[in-house]
Amino acid sequence: MPPLDFLVVGGLAVLLGAIVQSSVGLGVGLVATPVVALLFPTLMPGAILVAATVLPLATLAREIRHADLRGLGWAFAGRVAGTPLGVWVVASVPPGPLGAVIGLVVLAALAASLWSGDVPRNRATLVAAGLVSGATGTASSIGGPPIALLYQRESGPRVRATLAVFFTVGALLSLLTLAATHQLPYRQVTAGLALTPFVLAGFAAAGPLRRHLDAGRMRAGILVVVGASAVTLVVRSLM
């Protein structure tokens with residue numbers, strides 16, 4: 001059984017992250033990862049990856065028909081290639097340098113998006129985004145921003161459903177790969193399962209925010225969360 005302080009602090013962080021992700025398609029990693037990594041580092045990345053597997057399933061139960069499955073095929077090709085890189089990072093590389101580099105890359109992509117008004121979505125960008133997401137998602141539990149940027153101009157249901165499919169398969173792939181390489185202690189899995197009620201509560205509470213963003217505000221919400229994710233990665237690398 002995870003410690004009580006983890007359930008209180010980690011549970012609150014996951015609850016808030018679930019509200020954000022249930023609205024814009026990503027957010028559990030952004031909100032909960034820095035808190036859990038700082039206060040309970042031995043429970044990372046498995047605890048948040050388990051929680052990140054549960055939440056998208058709730059989203060898919062509502063909106064799976066809106067998912068862009070064709071585009072995700074290319075993104076998954078990149079994710080498969082990026083996941084072993086993330087496992088290698090967990091095993092041998094301090095998280096700081098990688099977090100700083102990825103955070104700066106995401107900020108650069110965000111700036112380009114704001115400057116040009118769009119990020120092209122094609123086979124090359126989908127594969128590249130999947131690869132980066134696979135590496136960072138496995139190593140740090142924050143893997144959504146590259147994919148989210150490619151879908152920033154889509155409707156709320158399409159963004160959430162597409163990211164939910166990507167996160168579900170991606171998180172399972174990361175967990176299985178970590179387990180196969182003995183980088184997933186049992187205590188991380190049980191800690192993640194203990195966060196499940198907070199995840200579901202956040203999903204249930206997100207209804208009003210979801211409707212607010214779906215009324216023409218989805219892109220702004222995505223850009224704010226993506227920017228915050230990138231800044232979080234950079235700040236964490238300096239701590």
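Hi everyone, let's start at the surface: Leu4, Val8, Val9, Leu38 and Leu39 form a nonpolar patch there, with about 490 Å² of accessible area together. Two elements each give two or more residues to this patch, α1 and α2 (28-39), and α1 gives the most, with three.

A few words on terms. A patch is built from residues with over 30% relative accessible area and no salt bridge, where like charges are joined within 9 Å and nonpolar side chains (Val, Leu, Ile, Met, Phe, Trp, Tyr) within 5 Å. Areas come from the Shrake-Rupley method with a 1.4 Å probe, and for residues only the protein chains shown count as cover. Buried means under 20% relative accessible area, exposed over 50%, and partly exposed in between (1.4 Å probe, protein chains only).

Please keep in mind that this is a predicted model, where local features need pLDDT of at least 70, side-chain atom pairs count only at pLDDT 80 or more, and totals for chains, interfaces and linings use all residues. Residues are numbered from 1 along each chain as its sequence is written, and side-chain values use heavy atoms, with hydrogens and water left out.

Now the overall picture. The protein has 12 helices and zero strands; these are DSSP runs numbered from the N terminus, H or I of at least four residues for helices and E of at least two for strands. Buried residues make up 54% of the 239 residues. With contact meaning heavy atoms within 4.5 Å, residues 24 or more positions apart account for 86% of the contacts with a separation of 6 or more.

Let's go inside. A nonpolar core is a set of buried Ala, Val, Leu, Ile, Met, Phe, Trp, Tyr and Cys residues joined through side-chain atoms within 4.5 Å. The largest one has 32 residues, and Val24, Leu26, Ile147, Leu163, Phe166, Ile222 and Val226 touch the most other members. Helix α8 gives the most to this core, with seven residues. Apart from it lies another core, of 22 residues, among them Phe6, Val54, Leu55 and Ala191.

Next, which residues of helix α10 (residues 196-205) are buried? They are Thr196, Val199, Gly202 and Phe203. These cover an arc of only 125° around the axis, which puts them on the same side of α10; the arc is that of the directions from the helix axis to the C-beta atoms. The face turned away carries the exposed residues Pro197 and Ala204. The buried residues of α10 pack against α1 (4-24), α3 (46-63), α9 (186-194) and α11 (207-214).

Finally, charges. The structure holds five salt bridges, each a side-chain nitrogen of Lys or Arg within 4 Å of a carboxyl oxygen of Asp or Glu. In one of them, the side chains of Glu63 and Arg160 meet at 2.9 Å, N to O. Glu63 lies in helix α3 and Arg160 in helix α8, so this pair ties together parts that are 97 residues apart in sequence. Glu63 is buried, at 8% relative accessible area, and Arg160 is buried too, at 2%. Arg160 also forms a salt bridge with Asp214, the closest N and O atoms being 2.8 Å apart. That pair links α8 with α11, 54 residues apart. Elsewhere, salt bridges that share partners join Asp68, Arg121, Glu154 and Arg158 into one network.
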